[in-house]
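Dear colleague,

I am passing on the structure we spoke about, and below it you will find my notes. Please read them with the model open beside you.

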Amino acid sequence: METKILNTDDAALAEAGQILRDGGLVAFPTETVYGLGADAYNADAVRSIYTAKGRPSDNPLIVHIADIAGLSGLTREISEGARALINAFMPGPFTIILKKSRTVPDAVTAGMDTVAIRFPENETAQRLIKSAGVPIAAPSANLSGKPSPTTAEHVKNDMTGRIAAIIDGGACEVGVESTIVDASRSVPMLLRPGGITFEMIQSVVPESELDPNILRSLGEDEKPLCPGMKYKHYAPDAEVTVIEGDMRAVKREIEKRLGDNKNRRCGVLTMSDNAYDSAVIIHCGDTNREYAKNLFASLREFDRLGVETVFAEFENRDGYGLAIRNRLYKAAAQRVVRV
Ligand code: TXA
Ligand code: MG
């Protein structure tokens, strides 16, 4: 299949909308990561997403809408707490799980009784959904097992020949996937941390809970509430070790480890102006926000450069840290050293 690269002008988005209505797949930018979209009401189109990504079909998708009114056709029940969260965080890097209406195909929800819904803030995403005239079911636009794409280039690397079109809307602002909150239960629970922090959720619904699985690796018999959390998350070819703490102590620890690994091609992901000899350095950012924005692109870059061992500097500086740690610890297969 030939994969068209589209820009974001009206004619291009009209064409992309038509592809979606015809049952095709279009990758598009959002403020979090690029999504791989299909008409949410076309079960065959939705199933083809799983094939294109190589994704297990028991992992449900997020349905994207372009206005609050779009919620009503997808869900049959919105509690008071859910309504407050919707008012506070939509549009934005936020996904809410609600009881699904009958019309949402099982292919979208993997047969679950609930549906995940997101109203992205990104203007191109909103214009695309409006152009399609239907809600868009979309996971992140990476091959299963790769980090979520934060540029059209990443999508091209993974999806060329597999989908009808890619809309190039530049780099994503947030860089990690949306915060997911299950509001179909009596007390909302945060299942995946992202750009909307737990503190922000609690400021709206104080009794909200945090899924305890978020910072712990899942044991064999534990059943995660968010099906996607049970799959092995992206880990780069390189072995990643997170060195977390005060940046001066982090520097000493990484220097020692670089000394112990002289025979391997080493990389350092930095969050400071620390300098390191004899290593590939990628500066991920000086703040938590920048770190989140650049993390997935940096991991892809270490792989491209053939780095064997990565030491990742990290210092938790605000509520955004939970989203970073969740992704970083998984990429490191839980190899974390606190100094
Ligand atoms: O920022 C994002 O959320 C991006 C952009 C494209 O919107 N999308 C994204 O989709 O990250 P994906 O498929 O990579 O992650 C969706 C997660 C999966 O872990 C899935 O298990 C969970 O949402 N999910 C979807 N529906 C669910 C449901 N009904 N109950 C619990 N978890 C659900
Ligand atoms: Mg994903």
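Which domains does the domain assignment of the chain give? The chain is divided into domain 1 (4-210) and domain 2 (239-338), with bounds that come from an automatic or database domain assignment.

Before going further, please note that this is a predicted model, in which local features need pLDDT of at least 70 and side-chain atom pairs count only at pLDDT 80 or more, while totals for chains, interfaces and linings use all residues. Residues are numbered from 1 along each chain as its sequence is written, chains are lettered from A and ligands numbered from 1 in the order in which they are written, and side-chain values use heavy atoms, with hydrogens and water left out.

The centres of the two domains, taken over C-alpha atoms, are 29 Å apart, and 22 residues of domain 1 are in contact (heavy atoms within 4.5 Å) with 11 residues of domain 2. Between them the domains bury about 1500 Å², of which 60% is on carbon and sulfur atoms; buried area here is the accessible area (1.4 Å probe) that two parts lose on being put together, summed over both. On the domain 1 side, Pro147, Val176 and Pro193 lose the most area to domain 2, together 34% of what that side buries.

Turning to the ligand, 25 residues surround ligand 1 (a heavy atom within 4 Å), and the closest are Thr32, Asn59, His64, Arg118 and Ser178. Oxygen atoms of ligand 1 make polar contacts (pairs of N or O atoms within 3.5 Å) with the side chain of Thr32 at 2.6 Å, with that of His64 at 2.7 Å and with that of Arg55 at 2.9 Å. The protein covers 96% of the 680 Å² of accessible area (Shrake-Rupley method, 1.4 Å probe) that ligand 1 has on its own.

The shell around ligand 1 divides into 13 nonpolar, 8 polar and 4 charged residues, with Gly counted as polar. Strands S4 (62-64) and S7 (114-118), where strands are DSSP runs (E, at least two residues), each supply at least two residues of that shell, and the largest share, 3 residues, comes from S7.

Two backbone details may deserve a look. The peptide bond from Met90 to Pro91 is cis, with omega near 0°, and Pro91 is in the loop between helix H3 (80-89; helices are DSSP runs of H or I, at least four residues) and strand S6 (94-100). Ser278, although not a glycine, has a positive phi of about 50°, and its place is in the loop between strands S14 (266-270) and S15 (280-283).

With best regards

Note on methods: Polar contact = N/O pair within 3.5 Å; in protein donor to acceptor, adjacent residues only side chain to side chain.
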